[in-house]
Amino acid sequence: MKWNPFNTSVGLALGGGAAKGIAHIGILKAFEEEGVEISYLSGTSIGALVAGYYAFGKTADEMLTVGEALSFKRMTSFSLLKKGGFFTTDAIKEMILDDIGDVKIEDAIIPLAICTTDIVTGEQVIFEKGSLADAICASVAVPGLFTPVEIDGRKLVDGGLVENVPVSLVEGLGAGIVIGVDLNGVKHYPEPSGMIDVLGNAIDICMDLKTRDQLKRADIVISLDLNGYSRSDNSDRIEALVMEGYHPMKAKIRKLLWFKRANLIRYLVKVLKAIVPLKVPELIKRKLKETLPIIKIN
């Protein structure tokens with residue numbers, strides 16, 4: 001429970017999902033068109049890449065060029081010299097350095113946190129400062145495919161192993177209202193057509209149960225069914241995938257504004273439930289249900 005009823009700052013947590021992450025651009029586009037300010041950002045895997053670009057001033061439209069590069073072939077560098085994976089994240093790092101520069105996370109325009117996993121200890125490692133490119137490369141390094149990224153003596157991989165939609169990170173940054181974007185909001189998985197899809201399905205299955213539990217901490221959850229899209233390459237369907245994120249967020253953005261206005265009321269209800277050991281009369285419960293919106297974005 002957040003104990004500051006006047007904190008209506010918006011924190012947006014962008015989840016992992018490989019090339020399906022182009023849908024995140026549509027989420028951001030909806031915010032821009034409605035003029036709703038995002039106060040804090042967090043990201044895991046492809047969500048870390050999109051959040052990183054946006055936090056450093058790239059608009060949704062400008063990021064469409066990044067979407068064109070989001071294919072497995074373009075974003076991987078094959079290597080037999082390094083242990084721990086078939087590919088390195090060198091191509092991703094080069095792209096970030098070319099587009100944004102060798103910047104530090106703490107210098108972002110929008111406060112940013114990036115989620116990674118220590119493959120040795122199993123610990124969640126959160127980056128709120130340090131090299132943006134290195135942190136993103138660590139967060140996108142799918143274990144088994146990519147060589148772990150070493151930072152400060154730790155071997156780091158995909159943050160989705162511990163928190164695929166990193167809602168706790170924007171909470172930690174100070175967000176009053178937390179929105180989580182889940183790119184894998186389905187209960188079934190696509191028929192795999194190759195090694196990458198098999199590995200992707202296996203990882204998704206392992207992560208999804210934990211993710212559903214973690215998303216209970218979010219105030220608003222945007223759960224997208226993107227089974228019709230590839231995990232490895234959607235460069236020929238960029239506009240359609242952007243719209244997969246845009247339309248649900250656009251349709252519900254005014255609910256978010258209502259949510260901000262009703263924050264104090266919701267807070268008082270939570271306080272009463274916490275400190276008053278009596279059941280709320282049924283009449284009052286019905287009145288509260290009529291007054292307060294239940295926000296569920298599918």
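Author: One term to start: contact, or touching, means heavy atoms within 4.5 Å. This is a predicted model, where local features need pLDDT of at least 70, side-chain atom pairs count only at pLDDT 80 or more, and totals for chains, interfaces and linings use all residues. Residues are numbered from 1 along each chain as its sequence is written, and side-chain values use heavy atoms, with hydrogens and water left out.

Reader: OK. What does Leu132 touch?
Author: Leaving out residues up to four places away in sequence, Leu132 touches Gly52, Phe56, Ile96, Ile100, Val103, Ile105, Leu112 and Ile114.

Reader: New topic. Which residues does UniProt list for "active site"?
Author: The unreviewed UniProt entry lists Ser45 and Asp158. UniProt positions follow the numbering used here, feature names are shortened, and annotations may be inferred rather than shown by experiment.

Reader: Is Ser45 buried or exposed?
Author: Buried, with a relative accessible area of 7%. Buried means under 20%, exposed over 50%, partly exposed in between (1.4 Å probe, protein chains only).

Reader: And Asp158, buried or exposed?
Author: Asp158 counts as buried, at 7% relative accessibility.

Reader: Which residues is Ser45 in contact with?
Author: Setting aside neighbours within four places in sequence, Ser45 contacts Gly16, Ser139, Val140 and Asp158.

Reader: What about Asp158, which residues is it in contact with?
Author: With the neighbours within four places in sequence left aside, the contacts of Asp158 include Thr44, Ser45, Thr117 and Pro143.
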